[in-house]
Amino acid sequence: MKIMAPPLWLALHLPYLPLEALALSSSPSAVVEHGRIVMADAVAQRNGVQCGIGVAAARALAPDITLIARAPEREATALQTLACWAGRFTPHVSLTPDTLLLEIGRCLRLFGGLRQLIGTVDEAAQALDFTLALAAAPTPLAAQWLAQQGQPVFCTALSRLPRHLERLPVTVLPGKAAQALQRFGMTTLGDARSLPPGPLARRIGAESLRRLAQAFGEAPDPRADFVFPERFALSLPLPMFPAIPSRCLS
């Protein structure tokens, strides 16, 4: 009887997607949406330009700043391009607005194990003009949250997943749920999970409670596979981005 490999998800988060999808060549520069800065490059940030400030304030802080309207269609195109690139590692790729989720549990033997696969992804990613933050976990939402929080965790066992997730801030949950928990002095998912399910659901709502259960592997979280095009070519030469720091397997 063939034994199926347990699921394992590798998240490739793009923390600077709104900025990098525009491929801006001038600096300082920033991306604007609804009259507010949504992302600024490093030079603009050193001048005090931060997410959330208005256009006038940004120009006062950095008079020579280049301000570009956010382009969701270019972000979506970038994600689809990266999904095609990620198909070299697994046929099972799922997209979120800022993260690629790769189901790699069935592919580990092909690459010689998780450590070797991570090294292969790191090496291949050097040709991309996008910053990536990586994390792996037995559930897709856990991998996504860990990568989005800049936690380079590679957890392969569901039994060890809580110790990684419980350290994450409650802000990984939807805004209203996070605010409700913060009003009660709770700052981490571990704090939230200390409450019985009933009182917790009353504070954060059934949907956020379900997301918690999905992240911890206590509820199913089916993900639709990205549909690969019949043909794909990446023809533009792309510069290298900074090396990803070393990580620990757990």
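The dialogue below takes up the sheet and then the salt bridges.

Modeller: This is a predicted model, in which local features need pLDDT of at least 70 and side-chain atom pairs count only at pLDDT 80 or more, while totals for chains, interfaces and linings use all residues. Residues are numbered from 1 along each chain as its sequence is written, and side-chain values use heavy atoms, with hydrogens and water left out.

Biologist: In what order do the three strands of the open sheet lie?

Modeller: In general, strands of a sheet pair through backbone hydrogen bonds, either parallel or antiparallel. Here the order is E3-E2-E4, with mixed pairing; strands (E, at least two residues) and helices (H or I, at least four) are DSSP runs numbered from the N terminus, and two strands pair if DSSP finds at least two bridges between them. Strand E2 (residues 29-33) pairs with E4 in the parallel sense over four bridges, and Ser 29 stands opposite Thr 66 in E4.

Biologist: How many salt bridges are there, and which residue does Arg 70 pair with?

Modeller: A salt bridge is a side-chain nitrogen of Lys or Arg within 4 Å of a carboxyl oxygen of Asp or Glu, and the count by this rule is six. Arg 70 pairs with Glu 33, their closest N and O atoms being 3.2 Å apart. Arg 70 lies in the loop between E4 and helix H4 (72-86) and Glu 33 in strand E2, so the pair ties together parts 37 residues apart in sequence. A network of salt bridges links Glu 33, Arg 70 and Glu 75.
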